[in-house]
Amino acid sequence: MADTETQETTVLTDGFHLLIDALKLNDIDTMYGVPGIPITDFGRMAQGAGMRVLSFRHEQNAGYAAAIAGYLTKKPGICLTVSAPGFLNGLTALAHATTNCFPMILISGSSEREIVDLQQGDYEEMDQLAIAKPLCKAAYRVLHAEDIGIGIARAIRAAVSGRPGGVYLDLPAKLFGQTMDAESGAKSLVKVIDPAPRQIPAPESVARALEVLKSAKRPLVILGKGAAYAQADDDIRAFVEKSGIPYLPMSMAKGLLPDTHPQSAGPARSLVLKESDVVMLIGARMNWLLSHGKGKSWGDKPKKFIQIDIEPREMDSNVEIAAPLVGDIGSCVSALLESMGDNWAPPPADWTGMISEKVETNVARMAPRLQNNNIPMDYHGALGALRTIIKERPEAILVNEGANTLDFARSIIDMYQPRKRLDVGTWGVMGVGMGTAIAAAVETGKPVLAVEGDSAFGFSGMEIETICRYNLPVCVVVFNNGGIYRGTDVNTSGGPDVATTVFVKDARYDKMMEAFGGVGVYATTPDELSRAVNAAMESGQPTLVNAVIDENAGTESGRIGNLNPQSVVSKK
Ligand code: ADP
Ligand code: TPW
Ligand code: MG
């Protein structure tokens, strides 16, 4: 009798509930994924427990959503997938997150360990942990319900501490149904305290950095997306303004200070890279996007580099760093501000004057081109219209991918607020567009304008159904030039296939949007484009504008055509 009573009062919990409780305990309230065995019920139950669980049409897009959610919030974005094929579909995004230093956790269900390890051919069999390991910052597997708390805690800490990155968490099917008593279960959960602790720079490093900076005649600050990620916006602005040093924003750092700021050297990029004598990198790596700090674009004048980064091994990765400042950007910049004193001498006026002059000339040269009304539209005409829209709606988030569509939009559309420009990142990956747009809308509640090359859009285009399904305030503009780079290539063999870079002529992407109940607009002039986008931003209704772009207007690979290998025999 007594035994039965005890049994009846033992309340049980299981893997499903422990996982949900562990995530919620750590303020994780949103997941992006695709359902299926063995995580269907997990997704349902998480939704039932009040989490936002957004289902996508392809895991890669859910993964890109999670990656950018991590960038925007400094909390790991969660992507949830099924085993083998779903996992692999999510893996590209996990690697992308790691490459870009975005915190993300890919949670994938997996098959039975005993069968997988003996390679006996289980349903969706794959040794996922082994495959994920080289492609992310950390990878863990949880085998027992009582370890769920620790597993989630480790995954969160690994994703956000130090240099942020992607983490893989492997959850075998059996784990979800494992039971334990609810009280011990609750006790086993871990609330991660201070998941990304401040990393204070050494005082001597701060002094050294300021010494080098003081010695400069032609100083330059380069702001990268690490600086935007750090959310130390006020201190970064104060540092730039107090120092008086011209700055260059990397693509996703645009808007950290407004592009119209008098110290912005954006439109004088080639000049400042060549002529500067001291360059301070703040949350930007000296990778291909900065020509590795050498070669033609950097000119032949000697330079010294100062670098602020949380990752010590980033120093000297491409060039000698005269003053490494290792720590989190918030702490480093506030330490600099404190040590600068109140009498910091601004850079020599001939340097800042030379830059302002160049900026003015280049801006003035561009202005008339942005107002052209050519039909079909060229990039300048169409982007001139969108530039005004972002100027009038600086809180809107701009998502951008493509080749010409990316490169022209980056230089033409001024950004005014931090973390409003989200693009292809370090790899220049096509396909981030719709996942990024969805997460941007979900995480911020702000209107999203996604400016997409027609090829770029195609990589994730089916997710416009997701946008309609969740009724998100996303306006997609497809720059439709009928192909990759241009719509004019010909097949030199004379055979029946069209050229490799060419798509169907006059494709109507706007009708895809209508198929899912969204608004589709066909726009051939900057005015039509402008009207449609403004209406979409105003109404918040899911909208796709098919912007017809001159198929001759683009160039091969946009601005990075120089990276294409050339055949010595012939180039047809
Ligand atoms: P971009 O592409 O804009 O040049 P990168 O992605 O190359 O920027 O560089 C971002 C850098 O910022 C990475 O080296 C990363 O380690 C660093 N980083 C990210 N977050 C922080 C932070 N909170 N504090 C310091 N450095 C950071
Ligand atoms: C995952 C290679 C770089 S840019 C691009 C491709 C296919 C498309 C450019 O055409 P789009 O833009 O978008 O129409 P536009 O304005 O120049 O016509 N696969 C991946 N990533 C990359 N970067 C590629 C292929 C690529
Ligand atoms: Mg195109």
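1. Let me start with a question: in the loop between which two helices does P376 lie? The helices are α16 (349-370) and α17 (379-392), and P376 sits in the loop that links them. Please keep in mind throughout that this is a predicted model. The proline is worth a look for its backbone, too: the peptide bond from I375 to P376 is cis, with omega near -5°.

2. P38 belongs to the loop between β2 and α3 (40-48). As background, most peptide bonds are trans.

3. While you are checking the backbone, please look at C101. This residue is not a glycine, yet its phi is positive, at about 60°. C101 is part of the loop between α5 (84-100) and β5. For context, most residues other than glycine have a negative phi.

4. Now to the overall layout. The domain assignment divides the protein into domain 1 (12-188), domain 2 (203-356) and domain 3 (371-548). The centres of domain 1 and domain 3, taken over C-alpha atoms, are 31 Å apart. Across their contact, 22 residues of domain 1 meet 25 residues of domain 3.

5. One open sheet has 6 strands, and reading across it gives β3-β2-β4-β5-β7-β6, with parallel pairing. At its edges stand β3 (52-55) and β6 (138-141), each of which pairs on one side only. From one strand to the next, the twist averages 20°. Within this sheet, β4 (residues 77-81) and β5 (residues 104-110) run parallel and are joined by 5 bridges.

6. Helix α19 lies across β2 and β3, running at about 165° to β2.

7. The other open sheet to look at also pairs in parallel: 6 strands in the order β15-β14-β16-β17-β19-β18. Its edge strands, β15 (421-423) and β18 (519-523), have a single partner strand each, so one side of each is left without a neighbour in the sheet. Neighbouring strands here are turned by 15° against each other on average, direction ignored. Strands β16 (residues 448-453) and β17 (residues 474-480) run parallel, with 6 bridges between them. A450 has V476 in β17 standing opposite. Helix α18 (residues 404-412) lies across β14 (397-401), β15, β16 and β17, and runs at about 140° to β14.

8. How many cavities of 30 Å³ or more does the model hold? The count comes to 1, and the volume of the largest cavity is about 40 Å³. Its lining consists of Y64, A67, I68, H96, F102, D423, V432 and T436. By type, these divide into 5 nonpolar, 2 polar and 1 charged. Helix α4 (residues 59-73) gives the largest share of that lining, with 3 residues.

9. Why does the largest cavity lie between domain 1 and domain 3? Both domain 1 (12-188) and domain 3 (371-548) give residues to the lining, so the cavity lies between them.

Conventions. Residues numbered from 1 in each chain as written. Chains lettered and ligands numbered in written order. Predicted model: local features only at pLDDT ≥ 70, side-chain atom pairs only at ≥ 80, totals over all residues. Heavy atoms only, no water. 1 Å grid on protein atoms, 1.4 Å probe; cavity = no way out; pocket = protein on both sides within 12 Å on 5 of 7 lines; lining within 4 Å. Points joined across faces, edges and corners; volume = space filled by probe spheres on them. Helix = DSSP H or I, 4+ residues; strand = E, 2+ residues; numbered from the N terminus. Nonpolar A, V, L, I, M, F, W, Y, C, P; charged D, E, K, R; others polar. Domains from an automatic or database assignment. Pairing = 2+ DSSP bridges. Axes fitted to C-alpha atoms, helices over the stretch in contact; angles between N-to-C directions. Contact = heavy atoms within 4.5 Å.
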